[in-house]
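My entries follow in the order in which I looked things up.

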Amino acid sequence: PLFQMNRVIASVALANHQTQLGPRSDVLETTASAFALVADASPVVGVGWIEFVDPDLALAEFGQVWSASLHESNLTSPGKTPPVVNESALEWVERYIALPREVKRTVDVALERLALARRRHQPGDKAIEGSICLEALLGDGGNQELTYRLRLRAALLLAKQLQDRSDISSAVRDFYKLRSTTVHGTTPSRAHSAADYACAERGVAICADALRAIVMLGRKYEPADWELSGGDPSSKGIGVDGDV
């Protein structure tokens, strides 16, 4: 696919061989981050420039290409191939672009943390980033019984059957337990077990599913309404005044 990128500004080479980079486009960066909605993608926007051997022959010289890394950890997980940018991937980006501003602010935080979680190596680090993603999407600013509320909200958002909801709730509980042991220094990274890696992968997958669900809703997520109605209130036939 072809992409049109606006406000791409060339850099200017200085006399001391320092490179002054032009500002990056906010639109480009936020749009690129939306590809985190696709499969296991963890998109980043970097910077690149070309230094010519002879500035006077800049148009003739091929030069040498340099790049600067602005991401944390590696871009692709071991054993995984980068996602393909196809029509389905572009549809997710279009859904993101169409989101109302107040929804997009929440989604932007979640996208960033989901991409970071996918790029981290250790299970505990994945759990830390993933927990921020979930709290951005499903939190309400309060700290009371936070883990329980996120477990409940993720289950209500992502499943309809009791067993499926129970499985999601348990997975989020274990994910937060992994986060807690990492934050409090209980488990060193070298001591992570195979179960920790599986827990982290499952937790990150739930983060991605929750993010996609919010984008598909296309409106602000009101956790209290979902809790009271036992799921999406818009599908329960509840009127403005609460009449069925």
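**Helix pair H3 and H7**

I listed the contacts (heavy atoms within 4.5 Å) between H3 and H7: Val103, Val107, Ala110, Leu111, Leu114, Ala117 and Arg118 in H3 meet Val204, Cys207, Ala208, Leu211, Arg212, Ile214 and Val215 in H7. By class, these residues are 12 nonpolar, no polar and 2 charged.

The model is predicted, and local features need pLDDT of at least 70, side-chain atom pairs pLDDT 80 or more, while totals for chains, interfaces and linings use all residues. Residues are numbered from 1 along each chain as its sequence is written, and side-chain values use heavy atoms, without hydrogens and water.

I then took the axes (lines fitted to C-alpha atoms over the stretch in contact, with angles from 0 to 180 degrees between N-to-C directions). Those of H3 and H7 come within 10 Å and cross at roughly 155°. H3 is therefore roughly antiparallel to H7 (the term applies to angles over 145 degrees).

For Leu157, I found contacts beyond four places in sequence with Leu138, Ala210, Ala213, Ile214, Leu217, Tyr221 and Trp226.

**Leu99**

I found Leu99 in the loop between H2 and H3. Beyond four places in sequence, Leu99 is in contact with Lys104, Val107, Val215 and Gly218.

Key. Helix = DSSP H or I, 4+ residues; strand = E, 2+ residues; numbered from the N terminus. Parallel < 35°, antiparallel > 145°, perpendicular 65-115°, else oblique. Nonpolar A, V, L, I, M, F, W, Y, C, P; charged D, E, K, R; others polar.
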